[in-house]
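Subject: Structure handover

Hello,

Here is the structure I promised you. Please open it alongside this note; my findings follow below.

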Amino acid sequence: MPAYVIVDVTVLNKDEYEGYKKLTPPSIAAYGGKFIVRGGATESLEGDWNPERIVILEFENMQLAKEWWRSELYAPAKEIRQRNAKTKMILVEGINF
């Protein structure tokens with residue numbers, strides 16, 4: 001089943017965060033992942049959630065998503081993100097249609 005990494009990001013240092021945005025795509029592609037959403041406009045429909053930046057990644061399955069997140073390839077980008085942003089990140093299993 002497909003798996004989705006859903007990320008709510010508040011960028012603290014936009015200049016430094018640009019490095020993260022450049023390093024991340026090749027690491028995701030190396031694990032068969034792809035961007036579904038990458039920082040587009042958001043609108044709150046219910047509740048008080050007003051995220052600054054939402055990112056959704058799709059992987060073939062949860063195992064590949066976890067391998068990407070733990071990978072040496074993603075590690076340099078992850079370090080930049082963790083140093084320059086506040087992040088909430090979840091992994092959720094999708095459904096096959």
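This is a predicted model: local features need pLDDT of at least 70, side-chain atom pairs count only at pLDDT 80 or more; totals for chains, interfaces and linings use all residues.

Contact here means heavy atoms within 4.5 Å. With that cut-off, and not counting residues up to four places away in sequence, Ser27 touches Trp68, Leu73 and Tyr74.

The protein averages a pLDDT of 96. Of its residues, 100% score at least 70. Among the elements, helix H1 (residues 14-30) has the lowest mean pLDDT, at 96. Helix H2 (residues 62-70) has the highest, at 98.

Strands

Start with strand S3, residues 53-59. S3 is mostly covered, with six of its seven residues buried. S3 has two pairings to look at. One is with strand S1 (residues 3-11), antiparallel, over seven bridges. Ala3 has Phe59 of S3 as its bridge partner. The other is with strand S2 (residues 34-38), again antiparallel, over four bridges. There, Phe35 stands opposite Leu57 in S3. Keep Phe35 in mind for the next section.

As background for reading the strands: in a regular strand the side chains alternate between the two faces of the sheet.

Is Thr24 buried or exposed? Thr24 lies in helix H1. Its relative accessibility is 2%, so Thr24 counts as buried; the cut-off for buried is under 20%. The side chain of Thr24 reaches the backbone oxygen of Tyr20 at 2.7 Å. Leaving aside neighbours within four places in sequence, Thr24 is in contact with Phe35, Trp68, Tyr74 and Ala77. Phe35 is the residue opposite Leu57.

Ser27 is also placed in helix H1. Ser27 is buried, with a relative accessible area of 1%. A polar atom of the Ser27 side chain lies 2.7 Å from the backbone oxygen of Thr24. Trp68 and Tyr74 are among the residues that Ser27 touches, and Thr24 is in contact with both Trp68 and Tyr74.

On helices in general: an α-helix has 3.6 residues a turn, so residues three or four places apart point the same way.

Salt bridges

How many salt bridges are there? The count comes to four.

Glu16 forms a salt bridge with Arg83, with the closest N and O atoms 3.4 Å apart. This pair links distant parts of the chain. Glu16 is in helix H1 and Arg83 in helix H3 (residues 75-84), 67 residues apart. Glu16 is partly exposed, at 38% relative accessible area. Arg83 is partly exposed too, at 45%.

Glu79 forms a salt bridge with Arg83 as well, and here the closest N and O atoms are 2.6 Å apart. Glu79 and Arg83 are four residues apart in helix H3, so about one helical turn separates them. At 40% relative accessibility, Glu79 counts as partly exposed. Through shared partners, salt bridges join Glu16, Glu79 and Arg83 into one network.

Lys21 forms a salt bridge with Glu18, the closest N and O atoms being 3.0 Å apart. Both Lys21 and Glu18 lie in helix H1. They are three residues apart, about one turn of the helix. Lys21 is partly exposed, with a relative accessible area of 25%. Glu18 is partly exposed at 35%.

Helix H3

Which residues of H3 are buried? They are Ala77, Lys78, Ile80, Arg81 and Asn84. Seen down the axis of H3, these buried residues fall within an arc of 160°, so they line one face of the helix. They pack against S1, H1, H2 and strand S4 (85-93). Ala77 is one of the residues in contact with Thr24.

Where to look

Go on to Thr24 and Ser27, both buried. End at Arg83, where the salt bridges to Glu16 and Glu79 come together.

Best wishes

Notes
Residues are numbered from 1 along each chain as its sequence is written. Side-chain values use heavy atoms; hydrogens and water are left out. Buried means under 20% relative accessible area, exposed over 50%, partly exposed in between (1.4 Å probe, protein chains only). Two strands pair if DSSP finds at least two bridges between them. pLDDT is the predictor's confidence in each residue, from 0 to 100. A salt bridge is a side-chain nitrogen of Lys or Arg within 4 Å of a carboxyl oxygen of Asp or Glu. A polar contact is a pair of N or O atoms within 3.5 Å; within protein, one must be able to donate a hydrogen and the other to accept it, and residues adjacent in sequence count only if both atoms are side-chain atoms. The arc is that of the directions from the helix axis to the C-beta atoms.
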